[in-house]
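Dear colleague,

Please find below the structure that I am handing over to you.

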Amino acid sequence: DRSFFASFPGRLACPPPIRLPLRAAPMSKPRMRAALPAALILATLALGACGDKAAAPAAPPAAAVTVVTLASAPVTLTRELTGRAEASQQAEVRPQAGGIVERLLFTEGGSVQAGQALYQLDQTAYRADAGSAQAAVARAQASLVTARLSAGRSAELVKTNLISRADNDNAQAALRQAQADLRAAQATLQGANVPLAFTRVTAPISGRIGRSSVTRGALVTASQATPLATIQDLDPMYVEVSQSSAELLQLRREIAAGSLQGTDSVPVEIVLEDGSTFAQQGRLSFAEALVDPATGAVALRVVVPNPDQLLLPGMFVRARVANGVRSNGILAPQQGITRNPRGDATALVVGADGKVEERVVKVSRAIGDKWLVDEGLNAGDKLIVEGLQKVKAGATVTASERGSEAAAAKPAAGA
């Protein structure tokens, strides 16, 4: 008992090691049994006295972690929407007159200009009709000359009463009838020239023309259902996408509340089928004023310049459309956000006292390799991104900023 030793002045010191003689006198078994309990008691008391001088175990060293100091900055909220590219203009080339195709005046798959001749149809019948109408005009002009002279003479003779007024009236009426006949003949000639002009089929718009559905010698009619060819304007191109009406409504509420700013002037990035980004950036042209009841989405149109005609109609693309700008957004590295057993997003933050604090956070979307934080973290917080497995809430740690090790290693490497 240690209290027994504490009653002695100076207290007992640890006994020196016992040195046994190389050769001890033999001891009988009864004497050995009697001495064994006393030896055990003395050894226990000696160890208790030595335990007062033993030092307490040292505290474990603080764990080293890597942190990122969060900062607020304007963050553009984008949404990647899928859609297909469409030509900004498309026109079907159809004949407006019937006849045999004599010539094809374009190269299939090439570019054409508005008004360029594409097909030449047989003009024989239409030229005959136009010639007949032209002759009728000449006949009407001759009749008009005769009627005009007769009316002039009648007007002079009626003044001297050499002819009756009835004869003069008939001459003036004949003049007006001859003028009307001339105008009718001219209209007939104009009508005959219309189908004659339609025998030369021209391009209604500029663009890229596809393959021809007819060849030389084919018979076409003005009322046929099959177009001769299709022309598409490929610069600019339209990208038709759709966005959820619920998401669009939420964005408009946030803009109205002031937490987001509008992005009408922010360009739209186009991602091609192979994952590459299209060189030209588009702009949001319009948003449909109604919601599709079948899909619950709103149609959006993006206008994209296509000078090299790399985008083709029907191509599947993705459009990164900017929905708004959060002026004081906080982006946290994804490796610093974990989930607890309840499924809540959590983060470990190093406080000013060097201790770890666990926070429940709310994130809305991923932007690159970071989470956009809505609640739980503030600018200036030191978020632990490396060494999460070694610490827990309340532990004291040694924090180093990520990237400081690399920055410190560069001068050493140069030396």
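Helices and strands are named here as DSSP runs numbered from the N terminus, a helix being H or I with at least four residues and a strand being E with at least two. Two strands are said to pair if DSSP finds at least two bridges between them.

Residues are numbered from 1 along each chain as its sequence is written, and side-chain values use heavy atoms, with hydrogens and water left out.

S9 also pairs with S2 in the antiparallel sense, over ten bridges; Glu86 has Tyr238 of S9 as its bridge partner. Strand S7, residues 207–209, pairs with S9 as well, antiparallel and over two bridges. There, Arg208 has Gln232 of S9 as its bridge partner.

**The nonpolar cores**

A nonpolar core is a set of buried Ala, Val, Leu, Ile, Met, Phe, Trp, Tyr and Cys residues joined through side-chain atoms within 4.5 Å. Buried means under 20% relative accessible area, exposed over 50%, and partly exposed in between (1.4 Å probe, protein chains only). The largest nonpolar core has 19 residues, of which Val239, Ile270, Val304, Leu311 and Val317 touch the most other members. Two or more residues of this core come from each of strand S2 (72–93), strand S9 (229–244), strand S12 (297–304) and strand S13 (316–333). S9 gives the most, with four residues. Apart from this core lies another, of 17 residues, including Val112, Val201, Ile205 and Val214. In soluble globular proteins, nonpolar side chains tend to be buried together.

Which residues does Ile270 contact, leaving aside its neighbours within four places in sequence? With contact meaning heavy atoms within 4.5 Å, they are Val239, Ser276, Thr277, Phe278, Val302, Val304, Val317, Arg318 and Ala319.

**The open sheet and Leu104**

Four strands form an open sheet in the order S6-S5-S3-S8, with antiparallel pairing. Strand S6 (200–202) and strand S8 (219–220) stand at the edges, each with a single partner strand, so one side of each is left without a neighbour in the sheet. Strand S3 (residues 99–104) pairs with strand S5 (residues 117–121) over three bridges.

Leu104 lies in S3 and stands opposite Tyr119 in S5. Is Leu104 buried or partly exposed? Leu104 is partly exposed, as its relative accessible area is 33%. Not counting residues up to four places away in sequence, Leu104 touches Leu118, Tyr119, Ser212, Val214, Thr215 and Arg216. Leu104 and Val201 are 97 residues apart in sequence, and their C-alpha atoms are 9.7 Å apart in space.

**Helix H3**

Helix H3 (residues 124–159) has 36 residues. From its first C-alpha to its last, H3 reaches 54 Å, close to the 52 Å expected at 1.5 Å a residue; the expected span is 1.5 Å times one less than the number of residues. The buried residues of H3 include Tyr126, Ala130, Ala133, Val137, Ala140 and Leu144. Helix H4 (165–198) is part of what covers the buried residues of H3. After H3 comes Asn161, whose phi is positive, near 60°.

**A hairpin and a buried asparagine**

Strand S17 (residues 362–367) and strand S18 (residues 370–375) run antiparallel and are joined by five bridges. Ala366 stands opposite Trp371 in S18. Two residues lie between the strands of this hairpin, in which Gly368 takes a positive phi near 70°.

Asn340 is found in the loop between strand S14 (337–339) and strand S15 (345–350). Asn340 counts as buried, at 14% relative accessibility. A polar atom of the Asn340 side chain lies 2.7 Å from the backbone nitrogen of Asp344.

**Confidence**

The mean pLDDT of the chain, pLDDT being the predictor's confidence in each residue from 0 to 100, is 82, and 80% of the residues reach 70 or more. Over residues 1–14 the pLDDT is below 50, and this stretch has ten contacts beyond near neighbours in sequence. Over residues 406–415 the pLDDT stays under 50, with zero contacts beyond four places in sequence. Where pLDDT is low, the predicted coordinates should not be read in detail.

Yours sincerely

How values were computed: Polar contact = N/O pair within 3.5 Å; in protein donor to acceptor, adjacent residues only side chain to side chain.
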